[in-house]
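Subject: Structure handover

Hello,

Here is the structure I said I would pass on. Please open it and keep it in view while you read the notes.

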Amino acid sequence: MSNAYYEGLLSEVLVEIRELLLEENQLSDKSVLPKVPYDQLIYYQKNYSSLFVKYVLIFNKLEDCYDQLLQPQKREDLKVIVEYIICRILEIDSVLRKLIEEYYELDETLIDLKVIPEHTEINIPRYIREENEKEIKRREILLDILRKRNNLQDNEENYFEKNINFNMNINQAILVIQTNERARQGSVYAKEKKQRRDEEEKKALRSLYHEEALTEDEASIKIQKYFKGYRARKKIEQEKASELKFIGMIPKEEGEIDSEEEDDSTKDLERYKRKIKQIENKRELEEQRINMREKIIEEEGPKMMEDMHDALIEQILLYKQEYAGGVPDFPTEAEGGSKLFMQNIAKASEEQKKLIEEQKNQMSQKDTKKTNKATTKPPPKPKPGKQPEQPQQQQTFLEDESKVIALLVDALKKFVEKWKDKYSALDFDQKFDPTLLRKELMEGDNGIEEELRKRVDNQIRQELENLKAALESETLPPKKVPPKDDKVKPVVIEPPKLPSTEAFFSELVSLEIIKKVQPFKLNSYIGELRLMGSKLGWEEPSMGQVRNICKQVVLTMSSKSVHQQSPHLKSMLFVGQKGTGKTMLVHAMAHELGATLIDMSSSIVNNTHKEPSETNLLIGKIFRVAKDMQPAIVYMDEFDCVVRGKTKNKTKPNLKRYRKPLLAQIKALLPGERILFVGNCREPWDADNVSLEEFFDRIIYTPVPDHASSLLLWKTLIEKVSKQVVSNDFNIYTLPTISESYSSGGIATVVNNVISDRRRIKLKENPLTIDEFIGPLAKVDPVYPNDDQKMKAFLQKLSPQFRKKTKEEREKEKQTLSEVKKEEKKKRR
C-alpha cells in the first residue's frame with residue numbers, strides 16, 4: 001500500500017474516534033438515563049457493548065496505520081493515541097464484566113453493527129516485539145550462555161502437540177514387529193493377486209476385440225468418438241472446478257497459488273520494504289536530534305541565557321525597591337526555580353490590584369447598605385421538625401470514571417493541530433520535519449529552554465548568596481569562632497550491599513526456574529468464536545473468547561504507561577482439563593510480550609527449598625529479578641498444591657509454605673510494574689476456593705473444543721502437518737463427531753502420530769482416510785464424564801465474577817430488577 005492509502009485510512013480513523021467520543025459524552029449525560037434500575041442495566045449493556053466493538057475495530061485500523069507510516073515524528077505522536085485507545089478498551093472490558101459476566105457475549109451488538117465475530121478479534125500490536133527486539137535478543141543470548149555454563153539441555157517440549165510414547169517390554173516389541181511383518185506379507189500377496197487378475201481381464205478384452213475386425217474408417221470414427229467425449233467431459237470438469245473455487249466452495253489444489261495468498265505475500269514484501277525505510281528515518285531523526293540540540297545550545301544558547309538573566313535581575317531590582325533594600329528568597333530547583341519566582345511576583349501584583357479595587361467597592365457599598373436595611377425583610381424561619389427539601393440526585397446503576405477519555409481528547413486535539421496540512425503526496429520518503437523538531441527540542445520539561453533556565457537559576461542563586469553575605473558582613477558584628485570539639489565523631493555504618501540482579505538471574509537459571517520461552521503465538525490457540533452465545537445460553541466460554549482474554553492481558557502489559565492507566569491486573573489462573581492448552585497460553589503470552597518467563601512449578605521448587613526461610617528468600621529473589629527485567633510472567637503449574645483444601649491428595653506435593661510470602665509479593669505489586677503471576681490448575685477441586693479467589697484477580701476456564709472449534713482444529717492441524725490442503729474426498733466432518741470429548745492436545749497428538757514423515761511422502765499415492773485416525777484416537781484418553789462433572793461443580797462454586805452465570809441466576813436477576821421496577825412505578829403513582 002502507498003503512503004496516501006495509510007494517510008487516508010488514518011484520517012478516517014480520527015473521524016471515527018471523534019464520533020466515539022461524542023457517544024461517550026452522551027453516555028455520561030445522566031438526564032437521558034432511565035430512572036428504573038432494570039432499564040438502566042439494559043441501557044448500559046447495550047451502549048457499552050457497542051462502544052467495545054467500535055473501539056476494537058478502530059484499534060485494529062490504528063495499529064495498522066502505526067505499523068506502516070514512515071514519518072517518524074508522526075509515528076511517535078500516533079503511538080500516544082494508540083495507547084490511550086488500548087486503555088479505553090481495557091476499561092470498557094472491565095465495565096462489561098461487571099455489567100454482564102466474565103465471558104460476556106456480543107452477538108446482538110454484532111448483528112446490529114453488521115460485523116462478523118472474526119473482526120472483533122484484537123490484533124496484538126507488532127511494535128511490542130519490534131521496538132524491544134534488541135533487549136529480547138540480549139536476554140536470550142544471556143540465557144543461552146548461562147544454560148551452557150550449567151550444562152542444561154534445551155528440552156523444547158511442545159505443550160500443544162505431544163507424541164505418544166509407549167513403554168513396552170521385549171515381548172511386546174516382538175509382537176508389534178511380528179504383526180507388522182505379517183501385515184507386510186499380506187499386502188505383498190494381495191498386490192500380486194491383483195496383478196494376476198488384471199492381466200487375465202486384459203487377455204479377455206483382447207480376445208473379445210479380435211473376434212470382430214474393424215475397417216480403418218470404423219476404427220478412426222470410434223477413436224474420435226471416445227476422444228471427443230473425453231475432451232468434453234474434461235472441459236466441463238475444469239469449468240465446474242474453477243467456478244467452485246471462485247465462490248470458495250472447494251480449496252485450491254496442491255502447488256496452486258491462491259489470489260489471497262499472493263496478496264499476502266506481496267503485502268509482506270511491501271511491509272518489509274517499508275520497515276527498512278522506517279528504521280532509516282528513525283535513525284536519521286535520532287542523529288539530527290543530537291546534532292541540532294548541540295548546535296542550538298552552542299550558537300543561540302549564550303544570547304538566550306543573557307536575556308533570561310537580564311529579566312530576572314530586573315525583577316529582583318524592582319523587589320528590592322518595593323521592600324526597602326531586601327533581598328528576595330530565590331526558590332530551589334526542586335520548588336520550581338525562576339518559574340515559581342516569576343509566578344509569585346505576578347501573583348503579588350495581582351493581589352495588590354485586587355486590594356485596591358476591594359477598598360473602592362467597600363466605600364461605595366456603605367451608603368447602599370443603609371438604604372437596603374430598611375426595605376429588606378429577613379427570610380422566614382423554618383418550622384421546627386421540618387427541613388427544606390433538597391433536590392434528589394438520580395442514583396445511577398454504574399459509575400464509569402475513566403482516566404483516559406480526557407487524555408485521549410487532548411492527545412487527539414494536539415495531533416490534529418500539529419499534523420494538519422503537513423502531508424505531501426510528492427514526499428515519498430516521509431522523513432522528519434526540521435521545524436517540528438526544533439520546536440520539540442526547545443519546549444518541554446527536557447527542552448533546551450528548560451536546560452538553559454536551570455543554568456541561569458544556578459547563576460542567579462549564587463549571585464544572591466554573595467549579595468546576602470556582603471550585606472550581613474556590613475551590618476552584623478563578626479561572629480566568634482567556636483572552639484574545636486575534640487570528640488570523635490560517630491562512625492556511620494553503611495548498610496550491606498545486596499547482590500546484583502545478574503547474580504540472582506544466574507542462580508535462578510541454574511535452578512531451571514528461568515526458562516526459555518517457546519515461540520508460540522496466541523493465534524496458534526485454534527478455536528472458533530460464537531455468534532449466538534447469549535441466545536443458546538452456553539455455560540462454558542468458547543476457545544475464541546479465551547484467546548481474546550489472553551490478548552487483552554498482553555495489551556495490559558504492552559507498555560508502562562498502559563499498565564499504569566488501565567485496570568490493574570496482578571494475577572490470573574487457568575483451570576481446565578489436561579491438554580486444553582493452559583501452559584501453551586502462558587508461553588504464547590510471554591512470547592508476544594517478549595517477557596521473562598519464571599517457572600516456579602511444583603516439579604522444580606518442591607525438592608530445593610523446604611525451610612520457610614529458604615522459601616521466603618527464593619520468592620524474594622524471583623520477584624527482584626522480575627521487577628528488574630520487566631515485563632515478566634511468574635508461572636506456577638499445579639497451583640492447587642499451594643492452596644490445598646480439605647481433601648488430601650497424597651500423590652501431589654505440599655507447597656503450603658509458599659502461600660503467605662507469595663500472596664504478600666502479589667499484593668505488593670503496583671501499577672506500572674509489569675509483572676503478572678499466572679497459575680495453572682487441572683484439578684482445582686482439590687484446592688480451597690476462598691484462597692484461589694484471594695490469590696487471583698481472574699480465573700479463566702480453558703474448555704474442551706466444541707464442534708466448530710474441533711472442526712477448525714482438525715482441518716488446520718492436518719493441513720499444517722501434511723503440508724497440503726484437505727481434499728473433498730476426505731470427509732473431515734466425521735472427525736469432530738467421533739472426537740467430541742477429546743481435548744485440543746489429544747487431537748494434536750493423533751494428527752502428529754498418524755501423519756508421520758514416512759506417511760507424508762506417500763500422501764500423493766495413498767490419500768488420507770478416516771479409518772487411519774480411529775485407532776490412534778482410541779489410544780488417547782478423552783475427558784471422562786466424572787472429571788467433567790467435577791470441573792463444572794468447581795466452577796459453580798466460584799463467585800459470579802469469576803465465571804459465566806447460569807440460566808437460573810440470570811432469571812433470578814431479572815426477577816429482582818423487575819420487582820424493583822414495579823416498586824418504582826407504585827411510588828410514582
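The model is predicted, so local features need pLDDT of at least 70 and side-chain atom pairs count only at pLDDT 80 or more, while totals for chains, interfaces and linings use all residues. Residues are numbered from 1 along each chain as its sequence is written, and side-chain values use heavy atoms, with hydrogens and water left out.

The sheet

Helices (H or I, at least four residues) and strands (E, at least two) are DSSP runs, numbered from the N terminus. Two strands pair if DSSP finds at least two bridges between them. In general, strands of a sheet pair through backbone hydrogen bonds, either parallel or antiparallel.

Here 6 strands make an open sheet with mixed pairing, in the order β1-β3-β4-β5-β2-β6. β1 (514-515) and β6 (698-702) are at the edges and have a single partner strand each, so one side of each lacks a neighbour in the sheet.

Strand β5

β5 (residues 675-681) pairs in the parallel sense with β4 (residues 632-636) over 5 bridges. Tyrosine 635 has valine 678 of β5 as its bridge partner, and alanine 632 stands opposite isoleucine 675 in β5. β5 also runs parallel to β2 (residues 571-576), joined to it by 5 bridges; there, valine 575 has cysteine 681 of β5 as its bridge partner.

Is β5 buried or exposed? Buried means under 20% relative accessible area, exposed over 50%, and partly exposed in between (1.4 Å probe, protein chains only). In β5, 7 of the 7 residues are buried, so the strand is largely enclosed by the rest of the structure. Ile675, Phe677, Gly679 and Cys681 point one way from β5, and Leu676, Val678 and Asn680 point the other way.

Proline 684

Proline 684 is in the loop between β5 and α23 (689-695). Its relative accessibility is 0%, so proline 684 counts as buried. Cysteine 641 is 43 residues away from proline 684 along the chain, and their C-alpha atoms are separated by 9.6 Å.

Helix α13

Helix α13 (residues 434-442) has Leu436, Leu437, Leu441 and Met442 as its buried residues. Glycine 444 follows α13 and has a positive phi, near 100°.

Helix α7

Glutamate 199 lies in helix α7, which spans residues 170-211.

Regards
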